Amino acid sequence: MKNIRDIRIADFDYPLPDEKIPRHPLAERDSCKLLVSMPDGGILHRTFSDLPGLLPERTLMVCNETRVINARIRFEKSTGSKIEVFLLEPLSPEDYVLMFQSTGSCRWGCLVGNLKRWKEGALVKKLDIDGRIVELRATKVRPLDGNGQEILFEWDDPEVTFASVVDAAGYIPIPPYLKRDSEESDSDDYQTVYARVKGSVAAPTAGLHFTQQLFDRLRGAGVDVAPLALHVGAGTFQPVKSETIGGHPMHTEVFSIGRESLEKIVSVIREGRKITAVGTTSVRTLESLPYIGAQLKSGNVTLHVDQWSPYTEGVELHEDVIENLVSILDYMKEKGADTLTASTSIMIAPGFKWRIVDVVVTNFHQPQSTLLLLVSSFLDRDPGRSPLQWRRIYDEALGHAYRFLSYGDACLLFPRS
C-alpha cells in the first residue's frame, strides 16, 4: 500500500498487433467470444450468449446506462478551413440533464481541432432539425487548463434543445485506435442497447455485447439488474506517460445512481449474494460509493473521490460497507433526492481493497493503461503470486484469436481464491 505510487506502468505491457483490433463489431452482439477466468485460476473459452449459465446464482448485475453523444461537431469557415469542436464537459449549466434541456445557449469545455485556423469570430453551421432550419454559432470564450477551450454555443430557435442540436450537428466519437472516421453504423453499434442518459464521449464497451434477448434470458435465470450512469470522458484514452503511476493524474468522471439501485446493492450485500459489474465504469462507480458514504458520515459533502483516497493514511473509511451505503441513502432522504450525483477520479491498482464488486464483465484493454491496472488489482489479490493472472489470460486470448478493445471480445472475471 505504501508503495502504490511506485508501480511501474511498463510492468503492465503486452504485445498487441494491430490486426487484433477490429474496426467494426460482429453482426450479432452476443456472438463474440467470452474468456472466463475462474476462481481457481482456470481459464474457459465460451461465447457471450453463455453468460446466464456462468454468473453466480441470484447475482445483481450493475450496468452503466450512459449514452454516447455526438460529441464531434465539424464546422467549415468561409475560407474553407475545417474546424472540429469536441465536447468534453458541460460548464453552464454543469448538470448533464439540464444541459441537454437547454434552449438558446450553453457553454462547454471542448478540445478544438485545427485551432490555429480559428483566430477570431464565431463558427456557424446550418442545421435541419425536424424540418426547421436552425443556425448554430460557436464562439471561443477563454482557454482552459491543458489544451481545452471554453466554447459558447448559441442557436436561433428557442424551441430547440441542445440535445436536438447535438444530434443534428455532431458525430459519434469513436476511439482513435480504430483508425477510421465515424460511420453511420457507429450510431447504433457504439451504443449499448440500454443506453439512456446522455453524457459520454466514449461507450462503456463491455455493455456492447448485450441484447434484449440476452437480458430476458438473464432475468429468467434469476439475475437482477440495477442501473447507474457514469459519463465516460475523453480522459479514458489518456495514456500513462509517467514511468510510475504516481505521476499519472486520473481524469474525473461524473456519475449518478438512483435510490432503487442503492437499496438493491445494500440488500444483496446483507444477503451475502454477489454483485456483478458490467464494465470498468460500473466498477469505478461502485467502488467509489463507500468513500462517498464515509465522507457523508463525517459531514463532508464534497461528493468527490480523489484518486489516492483508497491508499492515503488518515482517510477514514468505516469497514462496514453497509453503514457507508446507508449514509448515502440517509443523505438522499434528507435532501429529498431520488438520485445521487457525485464524481470520482479513483485509481484502482494492485493494493486496492475491493469492497463491493465480486465479478466483472469487461473487454480486453490497451497495454500500459489504468484499466489494465484495475483488472490486475481485481484478479491478483496476492501480487507475490506468479505468473500474474491478468498476464495469463491476455496471453491465452492472444493465442486463441480473441479480438481486442472497443469492438472486440469480452472477459468474465472472478478473483482468484
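The following dialogue explains the terms used to describe this predicted model.

Author: In this predicted model, local features need pLDDT of at least 70, side-chain atom pairs count only at pLDDT 80 or more, and totals for chains, interfaces and linings use all residues. Residues are numbered from 1 along each chain as its sequence is written, and side-chain values use heavy atoms, with hydrogens and water left out.

Reader: How do you know that the radius of gyration of the protein chain agrees with that of a compact globule?

Author: The radius is taken over C-alpha atoms, and the globule rule is 2.2 Å times the number of residues to the power 0.38. For 417 residues a compact globule would have a radius near 22 Å, and the protein chain has 22 Å, so the two agree. The C-alpha atoms fill a box of roughly 65 × 55 × 45 Å along the principal axes.

Reader: Why is R5 called partly exposed?

Author: Buried means under 20% relative accessible area, exposed over 50%, and partly exposed in between, with a 1.4 Å probe and protein chains only. R5 has 40% relative accessibility and therefore counts as partly exposed. R5 lies in the segment before β1. Of the 417 residues of the protein chain, 53% count as buried.

Reader: Which residues does R5 contact, leaving aside neighbours within four places in sequence?

Author: Contact means heavy atoms within 4.5 Å. R5 is in contact with T244, I245, G246, W308 and T312, once those neighbours are left aside. R5 and W308 are 303 residues apart in sequence, yet their C-alpha atoms are 9.0 Å apart in space.

Reader: What makes two strands a pair, and how many bridges join β3 to β13?

Author: Two strands pair if DSSP finds at least two bridges between them. Strand β3 (residues 60–64) and strand β13 (residues 224–230) have 5 bridges and run in the parallel sense; L60 has D224 as its bridge partner in β13. Strand β5 (residues 72–76) and strand β6 (residues 82–92) are also joined by 5 bridges, but run antiparallel. In the hairpin of β5 and β6, G80 takes a positive phi near 100°.

Reader: Why are β2 and β16 called edge strands?

Author: Each of β2 (43–47) and β16 (304–305) pairs on one side only. They stand at the ends of the order β2-β1-β19-β18-β15-β3-β13-β14-β17-β16, an open sheet of 10 strands with mixed pairing.

Reader: What describes the packing of α8 and α9?

Author: Two packed helices are described by the angle between their axes and the distance between the axes. Axes are lines fitted to C-alpha atoms, for helices over the stretch in contact, and angles run from 0 to 180 degrees between N-to-C directions. Helix α8 (residues 370–379) and helix α9 (residues 389–399) pack at about 115°, with axes 8 Å apart. L372, V375, S376 and L379 in α8 meet Q389, W390, I393 and Y394 in α9.

Reader: What makes a set of residues a nonpolar core, and how many residues has the largest?

Author: A nonpolar core is a set of buried Ala, Val, Leu, Ile, Met, Phe, Trp, Tyr and Cys residues joined through side-chain atoms within 4.5 Å. The largest has 82 residues, with L286 and L340 making the most contacts inside it. A second, separate core of 32 residues includes I69, L123, A138 and V166.

Definitions and conventions:
Helix = DSSP H or I, 4+ residues; strand = E, 2+ residues; numbered from the N terminus.
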